[in-house]
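Dear colleague,

I am handing over the structure below, together with notes on what was found in it. Please read the notes with the coordinates open beside you.

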Amino acid sequence: MSESAQPAEPRPSDAIYYAIALAAGAVVGLIGSYFHLGTVAIASWITHLKPVFSGGSLILASSVTAAIMVVAAVWLVRTFCPEAAGSGVQEIEGAMEGLRTVRWKRILPVKFVGGLLALGSGLVAGREGPTIHMGASVAQAASDWFRLPVRDTRGLLAAGGAAGLAAAFNAPLAAILFVIEETRRQFPYGFRTYTAVILGSFASAVVCELITGTSPALEMFAPKLPLVWLPAFFGLGIVLGVVGVLFNKALIASLDTSLKIGRRWSPYLVPLVVGAAIGALLILRPEATGGGEVLVIALAQKNLPLAALAIVVVIRFVMTMFSYSTGVPGGIFAPILALATSIGLLYATVLQLALPLPEGAQAAFAIAAMGGLFSSTVRAPLVGMVLVAELTGAYTLLVPVILTCVTANIVAEALGGRPIYEVLLERTLRLAGLTPPPADAEDAVGGWDARERIASKD
């Protein structure tokens, strides 16, 4: 029986629903802030090894420590909450389609503790994935407590996820837009649910600013460039469109390869090897480790030669694939931004061999590249534009950023690229023996583009 044919579920008033969204957003902001602080604190373990060990013994001790942390994170996930692996965005989208269950009592502790271990080990993973998933879990808990109907529950899930993204990057506007673009096929659009998303993100941002401050997470200065340089950003968008498609394909391939290895030998083999490699790289090539927030600022301030930048690009790309394939709780936003920064700087360095760039142009290309690669992988160009502006504070670069993002998105579409979270959701459902409902399912709850999708089938 379709939902429209079932007895109407009791709905709280708008005022109560908005109050729930505000409260949930505030809780998410609290959890997200202390998760951020926790990852920074736990990552300092390497500083305690250096006074005790040196040379080869330091590399060995670092490898063993990181491997233990990664394996422990995977053990937590596999033992208590398998759906806590990876980003979590695809799990939220699946829940908003009624295909996945948000088991918040398990997700919250496993995602928090497992995320601390994984990110603290030095893996190339971002904190935004865990905070988004934990945010939706807080929303699910609130929905259960207040016995919200299906539509309100799915709207609150989106609000919780948006609050989680706002907590991760102190970017509430990008978080709101993320719901509009990324979950456009699942989100139950309406004045009530849309307002809840705004309020949830707002409350989360307020709490985060009270705890961690108000500065942009990746504050960078870049002067406004003359419009004559716009063709260079168009070229950058083309490059990033190609890289984005390759990134998505490589990410899925790495997950499938890790799964095959796990089934044949042990699910802990890949995490053990990757963790040990990360530990060694923390000593030998620290730029190849971590989510990348610190690296973004460092790269923009350094004037690295062409060869060094090329090495950073390759090694960040490879270690992102290896890290995500372990199955730990961790996102890909931050690694994408760090990889994009190195690509933007590499592009600017190559360009400078032929043309003298104006002062500050390298930083401008790095900033625009963040939005471009985000657009070609996640396929949410509007979010990419706003996220970059909020993260860096470089509002003077909006025009070149827009051009880079749109170009990258168009190139990715022309090459047959698909949104990474859409592909990850399909993979998750396939492994669980499920299939998404057809676009014209009569019990569909959300999707502002439902009419467009149904018409395309006629």
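The mean positions of the 30 positive and 28 negative charges of the protein lie 8 Å apart, where Lys and Arg count as positive and Asp and Glu as negative, with His and the chain ends not counted, and where the place of a charge is NZ of Lys, CZ of Arg, CG of Asp or CD of Glu.

This is a predicted model, in which local features need pLDDT of at least 70 and side-chain atom pairs count only at pLDDT 80 or more, while totals for chains, interfaces and linings use all residues. Residues are numbered from 1 along each chain as its sequence is written, and side-chain values use heavy atoms, with hydrogens and water left out.

Turning to the aromatic rings, the whole structure holds 11 aromatic pairs (rings of Phe, Tyr and Trp, the last by its six-membered ring, with centres within 6.5 Å; planes under 30 degrees apart are stacked, over 60 edge-to-face and the rest tilted). One of them is the stacked pair of F169 and F333, at 6.4 Å centre to centre and 10° between the planes. Because F169 lies in helix α7 (residues 150-169) and F333 in helix α14 (residues 333-352), this pair ties together parts 164 residues apart in sequence; helices are DSSP runs of H or I with at least four residues, numbered from the N terminus. Both F169 and F333 are buried, meaning under 20% relative accessible area, against over 50% for exposed and in between for partly exposed (1.4 Å probe, protein chains only). Ring pairs also link F169, F178, F333, F374 and Y421 into a cluster.

Best regards

Methods:
Helix = DSSP H or I, 4+ residues; strand = E, 2+ residues; numbered from the N terminus.
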